[in-house]
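Have the viewer open and click along.

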Amino acid sequence: MKSPIPDYLNAVLERVRPIEDGEPAQYIKTLANADPSKLGVALVMVDGNVYSAGDDDVEFSIQSISKAFVYAIAIEDAGLERVLDKIGVEPSGDAFNKLSLHRDNNRPMNPMINAGAIAAHSLVVHPNATAEERTERILKTLSRLAGRTLYVDEEVYEAELADADRNMGIGYMLKAAGIISCRPAEVVQGYIRQCSINVNVRDLAMMAATLCNAGVNPVTGETIMPADSVRQVLSVMTTCGMYDAAGSWVSRVGIPAKSGVAGGIIGALPGQVGIAAFSPKLNERGNSVRAVALFEHLSRDMGFHMMDVSQIARASVSTSVAKIVAGKQEPHHSNCDQRVVIFALRGAVRFAGSERLTRAIVRELGEPDPNDPGSGEHRDACAVVVSLRDAFSLNPVARRVIHESIKRLLAEDKTVVVIDPNSVLQMDVGSLSPSQQRPRVVQNEKQAREFIGGAGCSAVTQSDNW
């Protein structure tokens, strides 16, 4: 069986692809010439599993998305108190490149507008660091976040530098206000280089997932930034990451996010998933039109809004294998001595829980993967049991993912038994084709065993709940 999640991502891409509003950023030549048809999305779970669709390998410059990560680097290098002394955390309500400082203390309003980002760049490494030292520190850290070596797109850098008058003005304004102490031109050039680092949506989703995972890269296991820095970054992303569209974004999408004028957007849902989307056409606020629409679909369809408190408990998935032992009433049952795979869900199940279930099913029943010893080991099992005995509830997206997984198992002629004493699955068997098998829904383990192995049968297993 294949996971239904990539199919869902492809379906969402096709829903937003017809949107033709906006245009690529016109004030940077290389961005103005971007292919407006490109569209990609990626999800990275906090345990490192990656899903992507569309133009997921197309590279583009990270632009202002870098601000979130450089802010974290500045906190680590200079300390939070010094950073807060130089950069505020309040939404500005202004365009990202406005020449403005807080009237009372001369600080930039927050690190997500250009003034704050240039100030944050100046705090990387140490006050007397060279531009090369800061660039090297930032590039190495972003590469560790992405899990591969990134590089600066020199063509983008030169194009942005040629039209950097406004940013240069911000740099001199910061110097005059006492916010930065180094040469303004040098800091602005370094800031432009950080914005010119090339990434793709899979890189960005991995970087976002590292934020979701308390600063630990989900694949490499490397701790890249302290958890306290991550909390600070996610807080500011929530209120300031989408510029003067932040209020609308929090209301409609509800995921800490950061956008860039090359067309990328990242979203980091703490403890769950890192998300990235890319499409070059921007709206009047500098955010990708299709990427915004895509995030709205994901938030709504998958229950990703961080203020959704309809379910509190966490979900877990366990996998076990049982061997059927025939009973005296049916000693020659066809499933005698055959194996059954049991997948048990516990708690309040949301997308992350259903994704883990789907992944477990694919691993146990799919084709063997030479890079994953033990995968595909039970693809010849006589039956598949999905136990929802200890599932407190399923939210709508979890229910849809599990429904689709069951349908795919049935399409492969698997016998599927669902233990659902609390009727949380609510599967509409009318949605199955007339020729398809139906899942057997039972109240308890005894009914499941006897349906699979005949009256009076038993099962030999290492699981305590079977």
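Let's settle one term before anything else: a residue counts as buried under 20% relative accessible area, as exposed over 50%, and as partly exposed in between. Arg 144, with a relative accessible area of 31%, is therefore partly exposed. Keep in mind that this is a predicted model.

The chain splits into domain 1, residues 4-302, and domain 2, residues 312-462. Their centres, taken over C-alpha atoms, sit 42 Å apart. How much area do domain 1 and domain 2 bury between them? It comes to about 1100 Å², with 59% of that on carbon and sulfur atoms. On the domain 1 side, Pro 4, Met 45 and Met 302 lose the most area to domain 2, and together they make up 44% of what that side buries.

In terms of contacts, 10 residues of domain 1 meet 12 residues of domain 2. There are 3 salt bridges between the two domains. Arg 408 also pairs up with Asp 7 in a salt bridge, where the closest N and O atoms are 2.3 Å apart. Which elements give two or more residues to the domain 1 side? They are helix 1 (5-16), strand 1 (40-45) and helix 13 (289-302). Sorted by class, that side has 6 nonpolar, 1 polar and 3 charged residues.

**Salt bridges across the model**

Searching the whole structure turns up 26 salt bridges. Here are some of them:

| Pair | N to O distance |
|---|---|
| Arg 144 and Glu 222 | 2.8 Å |
| Arg 339 and Asp 380 | 2.7 Å |
| Glu 450 and Lys 446 | 3.2 Å |

The Arg 144 and Glu 222 salt bridge links distant parts of the chain: Arg 144 is in helix 6 (131-146), while Glu 222 is in the loop between helix 10 (201-212) and helix 11 (227-240), 78 residues apart. Glu 222 is partly exposed, with a relative accessible area of 31%.

For the Arg 339 and Asp 380 salt bridge, Arg 339 lies in strand 9 (339-349) and Asp 380 in the loop between helix 14 (351-365) and strand 10 (383-394), so the pair ties together parts that are 41 residues apart in sequence. Arg 339 is partly exposed at 29% relative accessibility.

Glu 450 and Lys 446 are about one helical turn apart, because they are 4 residues from each other in helix 16 (445-453). Glu 450 is partly exposed too, at 27%. Shared partners also join Asp 47, Glu 355, Arg 356 and Arg 359 into one salt-bridge network.

**A few loop residues worth a click**

Most residues other than glycine have a negative phi. Gln 63 has a positive one, near 55 degrees. Is Gln 63 buried or exposed? With a relative accessible area of 3%, Gln 63 is buried, and its place is the loop between strand 3 (60-61) and helix 3 (66-78). Asp 413 also has a positive phi, about 65 degrees. Asp 413 is in the loop between helix 15 (396-411) and strand 11, and counts as exposed at 64% relative accessibility.

Finally, look at Gln 426, in the loop between strand 11 (416-419) and strand 12 (440-442). Gln 426 is exposed, at 54% relative accessibility. Leaving aside neighbours within four places in sequence, Gln 426 is in contact with Arg 399, His 403 and Asp 420. The C-alpha atoms of Gln 426 and Arg 399 are 7.9 Å apart, though 27 residues separate the two along the chain.

Notes: Residues numbered from 1 in each chain as written. Predicted model: local features only at pLDDT ≥ 70, side-chain atom pairs only at ≥ 80, totals over all residues. Heavy atoms only, no water. Domains from an automatic or database assignment. Contact = heavy atoms within 4.5 Å. Buried area = accessible area lost by both parts, 1.4 Å probe. Salt bridge = Lys/Arg side-chain N within 4 Å of Asp/Glu carboxyl O. Nonpolar A, V, L, I, M, F, W, Y, C, P; charged D, E, K, R; others polar. Buried < 20%, exposed > 50% of the residue type's maximum accessible area, 1.4 Å probe, protein only.
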